[in-house]
Amino acid sequence: MIRFEEWEFMRSGVLLAAVTRRLRPHHPGWPAVLGPVRAHGRAIALRPPRPGDAADWCAAVRHDRQWLEPWWPTSSASWDSRSCAQGWRDRCDNFLRSARRGGMIPMVVEVDGRFAGEMMLDRIDRDQGLAELGGWVYSEFHGTAVAATAMRELIRHGFGPVGLRRLTAPVGVGNRAAGILVARNGFRKEGVLRSHMHVGGKLLDHQLWGLLPEDAEWLRDPANIVG
């Protein structure tokens, strides 16, 4: 027979476990650090964003405005205010809050320990196994294997520990570099989303690219890196 004291202790343990699950729910694949993996002599890794990334993020975003602004969601705020340290802290807080709820896996890309961009799985539907892939890489690394390697690490993570079965990537019509990148890494163009999103100050059609695990030959041959 269980004594009253033992019963109270067991009951307290059950309540504590329930509160812990509510405050810190378990979402497979988060948090995580991916890599580093080596590609073309560089060590490439992905890790969760930190408030301390503010200075590096601001510098990269301001430097790369001409490549980023046309494809980022339209905002009434100026680019300077969007790319300031507080802008990063707000972005980081929102990302981490969403990640704790299971709806997102935000990652910072690092090359040889240096900030090199962002890569993320967003709009995660864990019941259906769906998510949307997005991200950008600092212009210093354009034309290298950095974007493809980071993308592949996150895709592998998504189809593995996270338990996803399908990824999508909406690419703004005219964003040729992004279209080439997703196509070379297995995504298939499935259609056009008309007037899908307001980016760069205008309402723009987006190509819808989709990826299933069987579409990506590189998943079966990790040594095959396409930049």
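Leaving aside neighbours within four places in sequence, L121 is in contact (heavy atoms within 4.5 Å) with G103, M104, I105, A131, E132, L133, L154, G158, L164 and L167. The model is predicted, so local features need pLDDT of at least 70 and side-chain atom pairs count only at pLDDT 80 or more, while totals for chains, interfaces and linings use all residues. Residues are numbered from 1 along each chain as its sequence is written, and side-chain values use heavy atoms, with hydrogens and water left out.

L121 also belongs to the largest nonpolar core, where it is listed with W136, L154, I155, L167 and F187 as having the most contacts inside this set of 53 residues. Such a core is a set of buried Ala, Val, Leu, Ile, Met, Phe, Trp, Tyr and Cys residues joined through side-chain atoms within 4.5 Å; buried means under 20% relative accessible area, with a 1.4 Å probe and protein chains only. Helix α6 (residues 146-159) gives the most to this core, contributing seven residues. Helices (H or I, at least four residues) and strands (E, at least two) are DSSP runs, numbered from the N terminus.

Turning to the sheet, eight strands form an open arrangement with mixed pairing, in the order β1-β2-β3-β4-β5-β6-β8-β7; two strands pair if DSSP finds at least two bridges between them. The edges are β1 (34-39) and β7 (188-199), each of which pairs on one side only. Helix α5 (residues 85-100) packs on the sheet, where β3 (105-111), β4 (114-125) and β5 (130-137) are touched, and its direction makes about 40° with that of β4. For such angles, axes are lines fitted to C-alpha atoms, for helices over the stretch in contact, and values run from 0 to 180 degrees between N-to-C directions.

Strand β6 (residues 166-172) is mostly covered, with six of its seven residues buried. On one side, β6 runs parallel to β5 and is joined to β5 by three bridges, and E132 has T168 as its bridge partner. β6 also pairs with strand β8 (residues 202-211), here in the antiparallel sense and over six bridges.

H206 counts as buried because its relative accessibility is 5%. The side chain of H206 reaches the backbone oxygen of L204 at 3.1 Å. Not counting residues up to four places away in sequence, H206 touches P170, V171, G172, V173, G191, V192, L193, H196, M197 and V199.

Technical notes:
Buried means under 20% relative accessible area, exposed over 50%, partly exposed in between (1.4 Å probe, protein chains only). A polar contact is a pair of N or O atoms within 3.5 Å; within protein, one must be able to donate a hydrogen and the other to accept it, and residues adjacent in sequence count only if both atoms are side-chain atoms.
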